[in-house]
Amino acid sequence: MILGIGTDLANIERIEKTLARFGDRFRNRVFTEAEQQKAERRADTAGTYAKRWAAKEACSKALGTGLRMGISWKDMAVTNLRTGQPVMHVTGWARERLDAMTPPGHEAIIHVTLTDDHPWAQAFVVIEARPVAGKRPAPEAQP
Ligand SMILES: CC(C)(COP(=O)(O)OP(=O)(O)OC[C@H]1O[C@@H](n2cnc3c(N)ncnc32)[C@H](O)[C@@H]1OP(=O)(O)O)[C@@H](O)C(=O)NCCC(=O)NCCS
């Protein structure tokens, strides 16, 4: 079942200006070490940050909280598989919120997809709950 969805559109030029103005204060408040390393070694540094900014906003919406209520930006972080596919990791308050919204006997899976086309970066997040293997009701017990 779907527990939550979220989307966000971020302006890459606005992120670029924020990076120029606030530098490491902005980087360190919003992005994990791994996210910073990825963005800084790319040609499109601002675009890479903007996609991750959008992913965090979208994730906070899917969690039903927005970025209020104590969720820190770094509680939601994006890495990439070797194929390039993005993966969302939640820790701290975001993890607590995810656990609280996950029905008993289920595990939560966070799906994230990113795209950018200058000056826009976009993210969608879907949170799915799947029955944990071995905890499904026996077929004869199902209606
Ligand atoms: C995946 C692909 C369609 C992305 O299209 P694009 O127009 O270049 O880029 P977009 O702006 O739309 O999207 C970029 C985002 O797609 C996501 N993405 C990349 N590869 C992906 C994949 N295999 N599956 C799902 N999402 C992927 C990433 O989140 C990426 O942003 P990020 O690198 O900052 O995290 C394109 O890169 C592709 O076809 N790649 C072929 C596979 C490949 O080259 N793999 C190389 C590693 S094996």
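The conversation below goes through the chain, the ligand and a few residues.

Student: What kind of model is it, and how are residues numbered?
Tutor: It is a predicted model, in which local features need pLDDT of at least 70 and side-chain atom pairs count only at pLDDT 80 or more, while totals for chains, interfaces and linings use all residues. Residues are numbered from 1 along each chain as its sequence is written, and side-chain values use heavy atoms, with hydrogens and water left out.

Student: How many helices and strands does the chain have?
Tutor: There are 5 helices and 5 strands, taken as DSSP runs numbered from the N terminus (helices: H or I, at least four residues; strands: E, at least two). Their order along the sequence is β-α-α-α-α-β-β-α-β-β.

Student: And what box do the C-alpha atoms fill?
Tutor: Along the principal axes, roughly 60 × 35 × 25 Å. The accessible surface of the chain is about 8,300 Å², and carbon and sulfur atoms hold 52% of that; areas come from the Shrake-Rupley method with a 1.4 Å probe, and for residues only the protein chains shown count as cover.

Student: What percentage of the residues is buried?
Tutor: Of the 143 residues in the chain, 43% are buried, where buried means under 20% relative accessible area (1.4 Å probe, protein chains only).

Student: Which polar side-chain atom lies 2.7 Å from a ligand oxygen?
Tutor: One belonging to Arg52. A polar contact here is a pair of N or O atoms within 3.5 Å; within protein, one must be able to donate a hydrogen and the other to accept it, and residues adjacent in sequence count only if both atoms are side-chain atoms. The backbone takes part too: an N or O atom of Gly84 is 3.3 Å from a nitrogen atom of the ligand, and a polar backbone atom of Leu114 is 3.5 Å from a ligand oxygen.

Student: How much of the ligand does the protein bury?
Tutor: The protein buries 43% of the 900 Å² that the ligand exposes when taken alone.

Student: Where is Thr45, and is it buried or exposed?
Tutor: Thr45 lies in helix H4 and is buried, with a relative accessible area of 19%. Its side chain reaches the backbone oxygen of Arg42 at 3.0 Å. Beyond neighbours within four places in sequence, Thr45 is in contact (heavy atoms within 4.5 Å) with Ala39 and Glu40.

Student: What about Ile12, buried or exposed?
Tutor: Ile12, in helix H1 (residues 12–22), is buried at a relative accessible area of 2%. Not counting residues up to four places away in sequence, Ile12 touches several residues, among them Ala46, Gly47, Ala50, His118 and Pro119. The C-alpha atoms of Ile12 and His118 are 6.8 Å apart, although 106 residues separate the two in sequence.

Student: Which peptide bond is cis?
Tutor: The bond from His118 to Pro119 is cis, with omega near 10°. Most peptide bonds are trans. Pro119 is located in the loop between S4 and strand S5 (120–131).

Notes
Buried means under 20% relative accessible area, exposed over 50%, partly exposed in between (1.4 Å probe, protein chains only).
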